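Dear colleague,

Please find the structure below. My notes on its aromatic pairs and on one helix contact follow.

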Amino acid sequence: MCELFGITAERKIRVDGLLKTFFNHSEKHRNGWGLAVLDEDDFSIEREPQKAIDSPSLRSILKCNVETSGCIAHIRKATIGEVTENNTHPFSMRDDFGRQWVLAHNGTIFDSEELAPYQYKQAGTTDSERILLYIVDQINRQSRIEGHELREEQRIETVEAAIKTIAPGNKVNLMIYDGDLLYVHKNEPGTLYEKNIDEGVIFSTVPLESDGWYEFAQNRLKVYRSGELVYTGKRHDYTYIHNEEKMKLLYFTYSGL
(Lines give C-alpha, C1' and ligand atoms only; values in the text may rest on other atoms or scores of the structure.)
Protein backbone atom coordinates (compact mmCIF):
# COMPACT_ATOMS: atom_id res chain seq x y z
CA MET A 1 0.00 0.00 0.00
CA CYS A 2 0.90 3.67 -0.07
CA GLU A 3 1.51 6.26 2.63
CA LEU A 4 0.02 9.73 3.06
CA PHE A 5 1.27 12.86 4.77
CA GLY A 6 -0.49 16.19 5.13
CA ILE A 7 -0.42 19.50 6.95
CA THR A 8 -2.97 22.24 7.45
CA ALA A 9 -1.87 25.26 9.48
CA GLU A 10 -2.76 28.85 10.28
CA ARG A 11 0.60 30.10 9.06
CA LYS A 12 3.64 28.73 7.29
CA ILE A 13 5.68 26.31 9.36
CA ARG A 14 8.93 24.50 8.62
CA VAL A 15 8.27 20.92 7.50
CA ASP A 16 11.41 19.67 5.71
CA GLY A 17 12.40 17.53 8.73
CA LEU A 18 9.03 15.80 8.84
CA LEU A 19 9.06 15.33 5.07
CA LYS A 20 12.52 13.75 5.19
CA THR A 21 11.28 11.27 7.79
CA PHE A 22 8.17 10.54 5.74
CA PHE A 23 9.98 10.08 2.41
CA ASN A 24 12.53 7.77 4.05
CA HIS A 25 9.69 5.23 4.22
CA SER A 26 9.98 4.89 0.44
CA GLU A 27 12.25 1.87 0.81
CA LYS A 28 8.98 -0.07 1.18
CA HIS A 29 6.96 2.26 -1.07
CA ARG A 30 9.27 2.62 -4.04
CA ASN A 31 6.92 3.17 -7.00
CA GLY A 32 6.68 6.96 -6.89
CA TRP A 33 6.60 10.08 -4.75
CA GLY A 34 4.69 13.32 -4.86
CA LEU A 35 4.52 16.59 -2.97
CA ALA A 36 1.82 19.25 -3.33
CA VAL A 37 2.56 22.59 -1.67
CA LEU A 38 -0.79 24.28 -1.19
CA ASP A 39 -0.04 27.86 -0.19
CA GLU A 40 -2.02 30.44 -2.15
CA ASP A 41 1.18 32.26 -3.13
CA ASP A 42 3.19 29.12 -3.82
CA PHE A 43 0.94 26.37 -5.23
CA SER A 44 3.00 23.58 -6.79
CA ILE A 45 2.94 19.84 -7.38
CA GLU A 46 6.10 17.79 -7.88
CA ARG A 47 5.95 14.06 -8.54
CA GLU A 48 8.11 11.33 -10.02
CA PRO A 49 7.59 7.60 -10.69
CA GLN A 50 10.67 6.52 -8.76
CA LYS A 51 11.71 5.75 -5.20
CA ALA A 52 11.74 8.99 -3.22
CA ILE A 53 15.11 8.46 -1.54
CA ASP A 54 16.72 7.95 -4.96
CA SER A 55 15.36 11.21 -6.40
CA PRO A 56 17.88 14.05 -6.94
CA SER A 57 15.04 16.55 -7.40
CA LEU A 58 13.44 15.60 -4.08
CA ARG A 59 16.80 15.78 -2.32
CA SER A 60 17.21 19.28 -3.76
CA ILE A 61 13.78 20.32 -2.44
CA LEU A 62 14.44 18.95 1.03
CA LYS A 63 17.83 20.66 1.31
CA CYS A 64 15.93 23.93 1.52
CA ASN A 65 13.96 25.22 4.48
CA VAL A 66 10.56 24.00 3.28
CA GLU A 67 7.91 26.20 4.89
CA THR A 68 4.21 25.85 4.12
CA SER A 69 0.77 26.28 5.66
CA GLY A 70 -0.58 23.32 3.71
CA CYS A 71 0.74 20.31 1.85
CA ILE A 72 -0.06 16.78 0.77
CA ALA A 73 2.69 14.20 0.24
CA HIS A 74 2.49 10.63 -1.01
CA ILE A 75 4.72 7.62 -1.53
CA ARG A 76 3.36 4.87 -3.73
CA LYS A 77 3.41 1.11 -3.58
CA ALA A 78 1.59 0.22 -6.77
CA THR A 79 -1.40 -2.12 -6.75
CA ILE A 80 -3.36 -0.89 -9.78
CA GLY A 81 -1.62 0.89 -12.66
CA GLU A 82 1.90 0.92 -14.04
CA VAL A 83 4.78 2.85 -12.53
CA THR A 84 4.49 6.03 -14.62
CA GLU A 85 4.20 9.75 -13.91
CA ASN A 86 0.50 9.70 -14.89
CA ASN A 87 -0.07 7.15 -12.12
CA THR A 88 1.88 9.07 -9.47
CA HIS A 89 0.04 10.96 -6.72
CA PRO A 90 -1.11 13.62 -5.99
CA PHE A 91 -3.55 14.04 -8.87
CA SER A 92 -5.04 17.41 -9.76
CA MET A 93 -7.69 18.93 -12.00
CA ARG A 94 -9.95 21.98 -12.21
CA ASP A 95 -13.72 21.99 -11.98
CA ASP A 96 -15.98 23.94 -14.33
CA PHE A 97 -15.50 27.12 -12.30
CA GLY A 98 -11.71 26.88 -12.35
CA ARG A 99 -11.30 25.64 -8.78
CA GLN A 100 -8.19 23.48 -8.43
CA TRP A 101 -8.69 20.08 -6.77
CA VAL A 102 -5.82 17.90 -5.51
CA LEU A 103 -6.15 14.30 -4.29
CA ALA A 104 -3.87 11.63 -2.84
CA HIS A 105 -5.17 8.16 -1.97
CA ASN A 106 -3.88 5.34 0.20
CA GLY A 107 -6.03 2.36 -0.64
CA THR A 108 -7.55 0.17 -3.29
CA ILE A 109 -10.84 0.15 -5.15
CA PHE A 110 -11.92 -3.44 -5.64
CA ASP A 111 -15.31 -2.72 -7.15
CA SER A 112 -17.23 0.46 -7.93
CA GLU A 113 -19.79 0.95 -10.66
CA GLU A 114 -19.49 4.72 -10.18
CA LEU A 115 -15.75 4.75 -10.88
CA ALA A 116 -15.63 2.22 -13.71
CA PRO A 117 -16.54 4.67 -16.55
CA TYR A 118 -13.55 6.90 -15.71
CA GLN A 119 -11.06 4.29 -16.89
CA TYR A 120 -11.85 5.60 -20.39
CA LYS A 121 -11.32 9.26 -19.42
CA GLN A 122 -8.29 9.23 -17.15
CA ALA A 123 -4.73 10.14 -18.12
CA GLY A 124 -3.26 7.15 -16.27
CA THR A 125 -4.59 3.78 -15.15
CA THR A 126 -4.95 4.04 -11.37
CA ASP A 127 -8.13 3.63 -9.38
CA SER A 128 -7.04 6.69 -7.37
CA GLU A 129 -7.21 9.06 -10.34
CA ARG A 130 -10.75 7.81 -11.01
CA ILE A 131 -11.78 8.93 -7.52
CA LEU A 132 -10.74 12.51 -8.30
CA LEU A 133 -12.47 12.47 -11.68
CA TYR A 134 -15.65 11.18 -10.04
CA ILE A 135 -15.60 13.75 -7.24
CA VAL A 136 -15.02 16.68 -9.60
CA ASP A 137 -17.78 15.36 -11.88
CA GLN A 138 -20.13 15.36 -8.88
CA ILE A 139 -19.07 18.93 -8.03
CA ASN A 140 -19.75 20.02 -11.63
CA ARG A 141 -23.06 18.19 -11.73
CA GLN A 142 -24.25 19.78 -8.49
CA SER A 143 -23.07 23.20 -9.67
CA ARG A 144 -25.21 22.85 -12.81
CA ILE A 145 -28.20 21.92 -10.67
CA GLU A 146 -27.65 24.92 -8.36
CA GLY A 147 -26.86 27.25 -11.24
CA HIS A 148 -23.74 28.64 -9.57
CA GLU A 149 -20.41 27.64 -8.08
CA LEU A 150 -20.99 25.60 -4.96
CA ARG A 151 -20.63 27.27 -1.61
CA GLU A 152 -18.38 25.78 1.03
CA GLU A 153 -21.07 23.74 2.76
CA GLN A 154 -22.31 22.44 -0.60
CA ARG A 155 -18.81 21.32 -1.60
CA ILE A 156 -18.42 19.50 1.71
CA GLU A 157 -21.80 17.81 1.30
CA THR A 158 -20.96 16.71 -2.25
CA VAL A 159 -17.52 15.35 -1.36
CA GLU A 160 -18.87 13.48 1.65
CA ALA A 161 -21.64 11.89 -0.41
CA ALA A 162 -19.12 10.82 -3.07
CA ILE A 163 -16.85 9.20 -0.48
CA LYS A 164 -19.74 7.31 1.10
CA THR A 165 -20.80 6.10 -2.34
CA ILE A 166 -17.44 4.52 -3.18
CA ALA A 167 -16.42 3.38 0.33
CA PRO A 168 -18.38 0.08 0.63
CA GLY A 169 -15.94 -2.80 0.12
CA ASN A 170 -13.04 -0.47 -0.73
CA LYS A 171 -10.16 1.16 1.14
CA VAL A 172 -10.68 4.89 0.86
CA ASN A 173 -8.03 6.78 2.83
CA LEU A 174 -7.95 10.19 1.21
CA MET A 175 -6.58 13.70 1.44
CA ILE A 176 -8.29 16.20 -0.85
CA TYR A 177 -7.68 19.92 -1.25
CA ASP A 178 -10.08 22.24 -3.09
CA GLY A 179 -8.08 25.46 -3.04
CA ASP A 180 -9.50 26.39 0.35
CA LEU A 181 -10.41 23.31 2.37
CA LEU A 182 -8.51 20.12 3.24
CA TYR A 183 -10.72 17.00 3.41
CA VAL A 184 -9.37 13.97 5.29
CA HIS A 185 -10.97 10.51 5.50
CA LYS A 186 -9.94 6.98 6.42
CA ASN A 187 -11.88 3.72 6.68
CA GLU A 188 -9.25 1.12 7.63
CA PRO A 189 -8.32 0.97 11.32
CA GLY A 190 -4.74 1.88 12.21
CA THR A 191 -3.85 3.46 8.87
CA LEU A 192 -3.88 7.22 9.53
CA TYR A 193 -2.74 9.30 12.51
CA GLU A 194 -2.85 12.98 13.42
CA LYS A 195 -0.92 15.32 15.68
CA ASN A 196 -2.10 18.70 16.88
CA ILE A 197 0.42 21.52 16.84
CA ASP A 198 -0.01 25.12 17.94
CA GLU A 199 -0.56 26.27 14.39
CA GLY A 200 -2.66 23.38 13.04
CA VAL A 201 -2.68 19.62 12.42
CA ILE A 202 -0.27 17.11 10.88
CA PHE A 203 -1.46 13.82 9.37
CA SER A 204 0.53 10.69 8.50
CA THR A 205 -0.17 7.06 7.69
CA VAL A 206 2.49 6.15 10.27
CA PRO A 207 3.37 8.39 13.26
CA LEU A 208 6.60 10.23 12.43
CA GLU A 209 7.67 10.89 16.02
CA SER A 210 7.25 9.06 19.29
CA ASP A 211 4.94 11.52 21.06
CA GLY A 212 1.72 13.36 20.42
CA TRP A 213 0.14 11.22 17.71
CA TYR A 214 -3.26 9.60 17.92
CA GLU A 215 -5.40 7.69 15.47
CA PHE A 216 -7.50 9.70 13.05
CA ALA A 217 -11.29 9.30 13.26
CA GLN A 218 -12.63 6.11 11.72
CA ASN A 219 -15.21 6.26 8.89
CA ARG A 220 -15.77 9.98 9.30
CA LEU A 221 -14.91 12.88 7.01
CA LYS A 222 -13.19 15.82 8.67
CA VAL A 223 -12.60 19.13 6.91
CA TYR A 224 -10.07 21.84 7.79
CA ARG A 225 -9.29 25.39 6.80
CA SER A 226 -5.90 26.86 7.71
CA GLY A 227 -5.41 24.43 10.57
CA GLU A 228 -8.92 24.80 11.99
CA LEU A 229 -11.45 21.96 11.98
CA VAL A 230 -14.57 23.35 10.28
CA TYR A 231 -16.63 20.18 9.72
CA THR A 232 -16.95 16.69 11.21
CA GLY A 233 -19.17 14.31 9.28
CA LYS A 234 -21.47 11.61 10.53
CA ARG A 235 -19.77 8.24 10.98
CA HIS A 236 -20.61 5.64 8.34
CA ASP A 237 -20.44 1.84 8.54
CA TYR A 238 -18.09 1.08 5.62
CA THR A 239 -15.01 -0.12 7.49
CA TYR A 240 -12.42 -1.73 5.25
CA ILE A 241 -10.76 -4.90 6.58
CA HIS A 242 -7.58 -5.98 4.80
CA ASN A 243 -7.91 -9.30 2.98
CA GLU A 244 -4.66 -10.70 1.57
CA GLU A 245 -6.40 -13.18 -0.73
CA LYS A 246 -8.54 -10.41 -2.16
CA MET A 247 -5.41 -8.32 -2.79
CA LYS A 248 -3.68 -11.22 -4.55
CA LEU A 249 -6.69 -11.77 -6.79
CA LEU A 250 -6.73 -8.10 -7.71
CA TYR A 251 -3.01 -8.16 -8.46
CA PHE A 252 -3.37 -11.17 -10.74
CA THR A 253 -6.32 -9.54 -12.52
CA TYR A 254 -4.42 -6.32 -13.34
CA SER A 255 -1.07 -7.99 -14.05
CA GLY A 256 -2.65 -10.38 -16.54
CA LEU A 257 -1.25 -13.43 -14.78
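Which residues form one aromatic cluster? They are Phe5, Phe22, Phe23 and Trp33.

This is a predicted model, in which local features need pLDDT of at least 70 and side-chain atom pairs count only at pLDDT 80 or more, while totals for chains, interfaces and linings use all residues. Residues are numbered from 1 along each chain as its sequence is written, and side-chain values use heavy atoms, with hydrogens and water left out.

Rings of Phe, Tyr and Trp (its six-membered ring) pair if their centres lie within 6.5 Å; planes under 30 degrees apart count as stacked, over 60 as edge-to-face and the rest as tilted. By this rule there are eight aromatic pairs. The ring centres of phenylalanine 5 and phenylalanine 22 are 5.6 Å apart with planes at 35 degrees, so this pair is tilted. Both phenylalanine 5 and phenylalanine 22 are buried (under 20% relative accessible area, 1.4 Å probe, protein chains only). For phenylalanine 203 and tyrosine 224, the centres are 5.2 Å apart and the planes at 65 degrees, so the pair is edge-to-face. Phenylalanine 203 and tyrosine 224 are likewise buried.

The axes of helix 3 (residues 127–146) and helix 4 (residues 152–166) come within 10 Å and cross at roughly 135 degrees. Axes are lines fitted to C-alpha atoms, for helices over the stretch in contact, with angles from 0 to 180 degrees between N-to-C directions; helices are DSSP runs (H or I, at least four residues), numbered from the N terminus.

Notes: Helices (H or I, at least four residues) and strands (E, at least two) are DSSP runs, numbered from the N terminus. Buried means under 20% relative accessible area, exposed over 50%, partly exposed in between (1.4 Å probe, protein chains only).
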